[in-house]
Amino acid sequence: MIKIAIASGKGGTGKTFVATNIFHTLVKNQIDAALVDCDAEAPNSVAFFQTKQASAFKVTQLVPVIDTNACTFCGKCQEYCNYNAIFILPPMKIINVIEDLCHGCGACSVACKYDAIIEKPVSLGMVNLYSINGKPALIEARMNIGVMSPVPIIKEAIKQINGQAEIAILDSPPGTSCPFIQTVSASDYVILVTEPTPFGLSDLKQSIDTLIKIGIPYGVIINRAGIGNFAVYDWLKENNIPLLMEIPFDEEIAHIYSEGRILTEDNVNYRNQFLNLIKKINHIIKNQKYV
Amino acid sequence: MTQIAVISGKGGTGKSSIAAAFATLNGKVVVADCDVDAANLYLLFNPIHEEEIVYISGSKAVINYSLCTGCGICESYCRFDAISIIDKKVVISEISCDGCFLCSHICPEKAITMVRNDKSRMYSGSFRNGKMVYGRLAPGEENSGKLVNMVREKAKEVAKINNLDTTILDGPPGIGCPVISTITGVDKVVIVTEPTISGLHDLQRTIEIVKKFSLPAFVVINKYNLNSSMSNQIEKWCTQNEITIAGKLPFDKQMTEAMVQLKSITEFNPYLEISNKIKVIWKKILNQKK
């Protein structure tokens with residue numbers, strides 16, 4: 001199986017558009033595919049397909065609960081906590097856990113010599129599994145509102161990818177920090193979607209810096225070609241970065257997407273283009289594996 | 001002093017372009033770019049740096065192999081799947097390490113040290129219409145919420161020192177920690193959305209976050225004419241939920257043209273329909289009593 005992440009530093013460049021259309025193209029061509037929506041803060045991929053929810057499970061994290069009868073207020077747990085999640089006032093015999101700051105690392109439990117800390121699970125979000133035509137195919141990471149980090153939910157969602165699938169498409173969250181890294185580092189190849197504008201180029205450069213650091217191969221799709229300027233084309237050429245595909249700015253495409261419809265459902269031309277794209281990437285990955 | 005955050009659950013709705021217009025409309029302001037993952041406003045405003053501050057985004061565990069005996073205790077304690085034993089060698093994945101320090105505490109050989117991530121920066125300076133503060137998270141570094149906090153606090157300080165009344169915060173997309181950090185303590189929130197299914201879904205999730213803070217929220221529907229019926233659906237949802245719509249903006253290619261020229265749309269051409277509408281929206285937001 002190969003895993004391809006669709007990512008972009010800048011939000012709204014068309015990641016989900018590309019991810020859903022590639023996935024749809026694969027399904028149409030009877031290729032066993034999975035789509036994983038890793039944008040747990042704002043998951044939207046499922047809305048584009050006729051699906052049936054197959055299963056769902058909660059993603060939890062452990063947070064400490066302090067037994068104030070056993071606690072001696074020695075402060076060791078606070079010293080071990082690197083997230084400032086434990087507040088302690090020994091003279092007043094006050095100790096509190098700030099659950100929002102806790103990362104669930106368990107250091108406080110290790111620190112406590114008096115068995116005064118037990119841990120309880122708190123919910124961070126859900127991983128939802130959906131099937132298309134009776135086959136499990138869509139995995140959605142969905143973070144609860146008010147939770148600080150989507151990373152644990154993204155990790156769980158990626159673990160659910162069925163080994164049977166030939167190709168898994170991972171719709172990445174925007175940005176270049178942890179949620180993005182978590183998604184791309186689980187992938188064999190990254191398609192970066194950008195737009196030919198100064199903001200698009202600046203964020204593309206930042207994403208590529210990160211990918212170079214992690215060491216994952218990548219290529220670029222320029223979406224909304226025709227708007228903005230040509231700076232991104234020059235930059236790609238100068239840096240020998242493959243331009244995989246161009247999607248022109250087209251109000252018709254924007255309209256189809258806005259309604260939650262899939263372009264490749266009726267548009268055979270784009271279906272062929274996306275299929276060729278996947279063939280090309282498949283080829284790149286295979287060649288790399290044998291080098 | 002008024003702090004106004006411009007956010008959007010969904011990326012690419014035009015948040016930064018609209019924030020840039022707000023920032024260049026009239027009196028001098030403080031601009032805080034809180035999208036530290038993908039800061040963009042500095043491209044338009046080209047600020048002169050007056051201060052550069054190192055931001056420590058956390059730490060990473062590093063093994064000293066001359067001390068490590070390969071006992072694997074650290075692996076059994078790590079909850080982030082960051083430690084594995086490959087060919088009897090303990091290996092820490094930089095990507096998965098959360099920097100919690102637990103392994104460094106429990107290692108019987110004291111073979112693990114924590115190294116600070118110190119590549120991220122915060123900048124503060126001047127631009128053509130006031131002061132600007134922004135953060136740049138180094139590639140792959142984390143804890144952007146804390147850097148956002150730093151940017152927001154600095155912006156407050158700068159506003160006070162320079163006696164500037166209005167601060168505009170350009171937020172990151174999403175609804176997680178960096179967004180929560182952006183809107184903590186602000187007076188008003190502007191949510192920029194677009195007439196798509198994704199836009200509506202993300203707006204609904206963003207509103208839930210804003211409600212937790214009991215902040216006055218203003219919705220701007222950008223590019224509304226790309227799908228008028230979807231735009232109407234968003235308006236209807238807002239009305240039903242008693243959320244103020246500050247206005248609707250048409251799709252205009254000049255918006256991108258302005259960006260290419262490194263100007264805000266209102267600087268680029270103040271007489272466009274979209275520029276006039278932005279002025280009306282900004283007035284409405286400013287004048288609304290807290």
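Chain A of this predicted model is assigned two domains: domain 1 covers 2-40 + 163-290, and domain 2 covers 68-115. The C-alpha centres of domain 1 and domain 2 of chain A are 44 Å apart.

**Sheet of chain A**

Nine strands of chain A make up an open sheet with mixed pairing, in the order β3-β6-β7-β2-β8-β1-β9-β10-β11. Its edges are β3 (52-66) and β11 (243-248) of chain A, each of which pairs on one side only. From one strand to the next the twist averages 20°.

Within this sheet, β2 and β7 of chain A run parallel and are joined by three bridges. D37(A) has E140(A), in β7(A), as its bridge partner. Helix α4 (residues 151-159) of chain A packs on the sheet and touches β2, β3, β6 and β7 of chain A. The direction of α4(A) makes about 50° with that of β6(A).

| Element | Residues |
|---|---|
| β2(A) | 33-37 |
| β7(A) | 135-143 |
| β6(A) | 117-132 |
| α4(A) | 151-159 |

**Surroundings of C102(A)**

C102(A) sits in the loop between β5 (94-97) and α3 of chain A. Because C102(A) has 21 C-beta neighbours inside 10 Å, and 20 or more are required, this residue counts as buried. Leaving aside residues up to four places away in sequence, C102(A) touches V63(A), Y83(A), A85(A) and V97(A). Q61(A) is 41 residues from C102(A) along the chain, and their C-alpha atoms are separated by 9.1 Å.

**Contact between chains A and B**

Chain A contributes 52 residues to the contact and chain B contributes 51 residues. On the side of chain A that touches chain B, the elements giving two or more residues are α3 (107-111), α5 (178-184), α6 (198-214) and α8 (251-258) of chain A. Of these, α6(A) gives the most, with nine residues.

**Helix α11 of chain B**

Which residues of α11(B) are buried? They are I274(B), S275(B), I278(B), I281(B), W282(B) and I285(B). Seen down the helix axis, the buried residues of α11(B) fall within an arc of 120°, so they line one face. An α-helix has 3.6 residues a turn, so residues three or four places apart point the same way. The face of α11(B) turned away from the buried side carries the exposed residues E273(B), N276(B), V280(B) and N287(B).

Methods: Residues numbered from 1 in each chain as written. Chains lettered and ligands numbered in written order. Predicted model: local features only at pLDDT ≥ 70, side-chain atom pairs only at ≥ 80, totals over all residues. Domains from an automatic or database assignment. Buried ≥ 20, exposed ≤ 12 C-beta atoms within 10 Å, placed from the backbone. Helix = DSSP H or I, 4+ residues; strand = E, 2+ residues; numbered from the N terminus. Arc of directions from axis to C-beta. Pairing = 2+ DSSP bridges. Axes fitted to C-alpha atoms, helices over the stretch in contact; angles between N-to-C directions. Contact = placed C-beta atoms within 7 Å.
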